[in-house]
Amino acid sequence: MLLLGCIKEVSDYELAISLPNGLSGFVPVTQISDAYSKLLTKQVAQGELLEELNSLPDMFSPGTLIRCIVTSIEKRDDGRCSVKLSIDPKMVNKGLSSTALAVGMLLSGSVLSVEDHGYLIDIGVPGTHAFLPHQKAKNYIKAVKKGSDLKIGQNLNCLIVEVKNEGRVVCLSIDRSEVAASIATERQNWALSNLLPGLVVKARVQKVAPLGMKVTFLSYFTGIVDFMHMDPEKSMSYSPDQVVKACVLSVHPTSRAVRLTLRPPFLHAGGAPRQLPGQRMGAVLEEATVKAFYKQFGAVFELDDGTLAFARLKHLSKTRKSFKPGAFKEGCKHKCRIIDYSLMDEMCIVSLKHQIIEAQFLQYQDIHTGDVVQGKVLSLKPIGMQVKVADGIRGLVPSLHLSDVILKQPEKKYNIGDEVKCRVLECNPGGKKLILTLKKSLVQSKLPVLSNYEDAKPGLITHGFVVCAREFGCIVKFYNDVKGLVPKNELGSEPISCPDKVFYEGQVLKVMVLKCEPQQERLLLSFRLSSKPGSEDKWKCTPKEKEEVKYQIGEIVDVKILKKKDNGLEVSILKDEDNVVAWIPMLHLSDFVGASKLLWHCLQEGDVLPRVMYLSDKGEHIILSRKSALISAVQEDQVVRSFSEIQPGMLLTGCVRNVMPFGVFVEFPFGVTGLAPKVSMSDKFVTDTKDHFVVGQTVIAKVMSTDEEKQRVLLNLKVSECSSGDSAAESFALLNQYFKELKEIRSLLRRGEPNICELVPGKRVHLVVQDVREDGSALFSGLTVTGLTVTATRYHLGDKNIAPGEKKKAFVLHVDPLTSEVYVSLREELLKQRP
């Protein structure tokens with residue numbers, strides 16, 4: 001079937017075509033012309049871009065009328081039909097022969113080659129050579145502004161101006177004024193077998209009916225003009241025997257039915273239909289007035305701006321059963337939404353369905369980068385997951401973005417039909433490209449969305465994901481393919497020697513923008529969120545100071561606190577003439593993470609800390625540690641100074657540097673790092689690694705194996721494997737160290753919060769019941785120290801039933817100065833114990 005269509009969208013691989021009566025189809029890149037297909041084949045064979053091969057967007061523009069022929073109609077998975085078309089002249093003009101060609105004929109052609117005096121044109125007629133002189137093409141080239149030359153494969157509306165040698169040679173013109181003035185006549189000997197859509201004819205009205213009218217043209221042809229293709233301004237004034245100008249829309253080969261249009265933009269060959277203003281697409285109209293109802297097709301509405309719109313029968317109600325014809329009498333008003341625009345009918349397509357009116361997205365243009373969308377899983381493929389966001393809108397979740405961690409078997413987590421919550425990483429409406437992420441850290445992030453380099457202002461903190469970790473640092477990506485570099489010295493507060501062991505592809509992290517050059521698309525980032533962009537306050541010693549530092553790893557020094565930072569202490573080493581500045585990370589104040597935070601809370605600027613160990617000076621930071629277990633290990637020489645010294649079976653004391661889903665990284669004095677895989681972390685079954693270890697925790701690890709080539713060490717952190725013999729003595733020594741540090745903290749607390757120090761575990765206090773919670777625990781008041789939350793769990797209330805306002809005697813179990821919480825017990829067996 002031959003049809004006149006209008007180009008709706010152009011992509012690299014196909015043309016989307018608007019067809020009459022609200023239909024649409026597509027032309028694949030292989031159905032442009034023979035010459036274009038040969039260039040494509042040549043490019044694929046050579047594996048490099050050909051200069052003479054232009055992309056479809058270079059040759060075709062939306063809004064251009066074009067002749068098409070239907071090649072196939074395929075039924076898709078969703079039940080809809082997909083119409084495949086061709087604009088290849090040999091298929092569109094297959095009804096023409098060289099003897100049938102006549103001056104004044106209008107037909108489709110495609111540029112075959114560029115010659116010295118013009119162009120050879122493929123018109124698809126065997127035995128005929130068609131030539132387009134430069135003179136007949138220059139006005140067209142100037143008007144459409146496509147450059148100095150026509151391109152191979154470019155589709156043209158050609159007018160035959162000369163026929164030679166019985167049609168074996170024809171001369172063509174594409175001059176717009178000549179093409180627009182052309183009208184098909186009887187002298188051109190058109191037959192039903194070769195009649196082409198796009199021809200403008202003079203027709204005579206034969207019969208007028210409610211759904212359209214019947215016309216005759218070119219003496220013996222009969223055609224139909226349906227109600228959608230009458231001139232809206234004259235639709236009520238047509239009468240039999242009236243002569244009108246019409247354009248052929250379609251020719252059906254078997255039924256021999258010819259359909260025409262009387263709409264003004266089509267009445268000049270090569271015209272362009274009116275476009276819908278962009279802001280109208282998707283608009284919800286509160287009142288659209290019914291102009292006419294056709295029980296087999298749908299209803300025509302008049303919109304608020306006076307234009308007409310059409311709603312198909314299935315879009316007039318939620319279901320066929322709920323459809324009420326009486327609601328669509330002329331003059332009735334309905335709420336509707338513009339869901340499409342038919343260029344060939346110059347009419348909006350609307351829907352009255354509630355779910356479509358309320359839908360968040362109707363087309364790719366409605367979706368913006370950073371939007372959180374609901375979707376349904378359509379398929380799982382090696383490249384990722386296909387998600388349906390709305391009717392006609394599909395997105396891809398790359399395999400890297402299926403979860404916060406890399407999924408080896410995504411089919412175990414997701415099933416076809418599952419509802420998923422995604423975030424838009426990239427949206428290209430022109431190419432109908434939608435890239436989504438399922439990473440919870442990104443989906444739930446409340447931080448700003450960084451989707452262009454102009455918004456990357458220094459100091460901005462946002463979420464990004466690692467795409468590459470190398471010795472120079474990490475490449476981090478954001479939305480719309482914006483990416484930046486986190487250099488090695490900005491990966492953390494402590495030096496990281498092997499970024500690829502600490503960070504993994506797809507890992508979501510908070511980053512801060514240090515510097516951005518939008519024009520060069522260069523972005524400098526940092527994982528150290530506490531430091532300010534451009535700040536010189538980086539606890540660095542000058543080259544001279546560093547040169548004169550004579551300390552060795554393991555040396556014990558006394559220090560004075562200069563400044564408290566969020567994640568540690570800036571200190572100066574005492575008994576050193578140069579007052580060398582160093583850094584004690586918060587987590588290196590104690591072997592116990594809880595005690596480290598307490599100590600940091602209690603210490604003040606000016607305090608002196610004795611017996612601190614020189615740990616490292618990597619990255620121009622002098623790092624000190626107060627962890628007694630690390631100090632003992634170095635002093636007793638139970639350490640390794642290089643990778644070559646490590647032997648399987650060794651027990652080494654280290655510090656947890658990073659907790660990953662697959663295991664724990666442990667760093668030892670002198671910079672050696674090892675990994676304890678998930679299976680070797682605990683004697684218990686490990687579901688979540690974060691439930692077992694925290695960053696900064698002091699651990700004893702057993703060396704399982706080493707890989708000298710890759711410089712990797714595998715560790716075991718199971719308690720059953722890491723005991724040196726007398727586990728009871730080791731446990732008591734650790735406990736003793738913990739209480740010793742608590743005693744030190746208590747003495748420091750007395751300086752600023754003396755009252756809280758009176759509440760020691762074991763003390764009896766008199767309290768008043770304030771509230772009993774749903775979980776059975778209780779809140780108390782009555783302590784002399786203000787600002788404390790006093791709590792007893794359900795177990796520690798004993799068998800007593802208590803009510804608000806009652807006075808009770810309680811036993812202090814634990815005091816947490818950091819959170820100002822006190823835990824007490826009312827159990828008799830504890831209260832009866834002697835103080």
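A charge is taken to sit over a ring if NZ of Lys or CZ of Arg is within 6 Å of the ring centre and within 35 degrees of the ring normal. This is a predicted model, in which local features need pLDDT of at least 70 and side-chain atom pairs count only at pLDDT 80 or more, while totals for chains, interfaces and linings use all residues. Residues are numbered from 1 along each chain as its sequence is written, and side-chain values use heavy atoms, with hydrogens and water left out.

**View A. Charged ends over the rings of Trp600 and Tyr795.** The charged end of Lys564 lies over the ring of Trp600, at 4.4 Å from the ring centre. In another place, the ring of Tyr795 has the charged end of Arg827 over it, at 4.0 Å from the centre of that ring.

**View B. The aromatic cluster of Phe217, Tyr220 and Phe221.** A pair of aromatic rings is described by the distance of the centres and the angle of the planes. Rings of Phe, Tyr and Trp (its six-membered ring) pair if their centres lie within 6.5 Å, and planes under 30 degrees apart count as stacked, over 60 as edge-to-face and the rest as tilted. By this rule the count comes to eight aromatic pairs. One of them joins Phe217 and Phe221, whose ring centres are 5.3 Å apart and whose planes meet at 15°, so this pair is stacked. Tyr220 and Phe221 also form a stacked pair, with 4.9 Å from centre to centre and 25° between the planes. For exposure, buried means under 20% relative accessible area, exposed over 50%, and partly exposed in between (1.4 Å probe, protein chains only). Phe217 and Phe221 are both buried, Phe221 with a relative accessible area of 5%, whereas Tyr220, at 62% relative accessibility, counts as exposed.

**View C. The closed barrel of five strands.** Strands (E, at least two residues) are DSSP runs, numbered from the N terminus, and two of them pair if DSSP finds at least two bridges between them. The barrel runs S6-S7-S8-S10-S9, with mixed pairing. The twist averages 50° from one strand to the next, where axes are lines fitted to C-alpha atoms and angles run from 0 to 180 degrees between N-to-C directions. S6 (residues 106-114) and S9 (residues 155-164) run antiparallel and are joined by five bridges, with Cys158 in S9 as the bridge partner of Leu107. Four bridges link S6 and S7 (residues 118-122) in the antiparallel sense, and here Val114 stands opposite Tyr119 in S7.

**View D. The hairpin of S9 and S10.** S9 and S10 (residues 169-173) run antiparallel and are joined by five bridges, with Lys164 standing opposite Val169 in S10. Four residues lie between the two strands of this hairpin, and Asn165 in the turn has a positive phi of about 50°.

**View E. Surroundings of Cys332.** Cys332 is placed in the loop between strand S18 (308-312) and strand S19 (333-342), and this residue is partly exposed, with a relative accessible area of 23%. Contact means heavy atoms within 4.5 Å; not counting residues up to four places away in sequence, Cys332 touches Ala288, Thr289, Val290, Gly326 and Ala327. Cys332 and Ala288 are 44 residues apart in sequence, and 8.2 Å apart in space from C-alpha to C-alpha.
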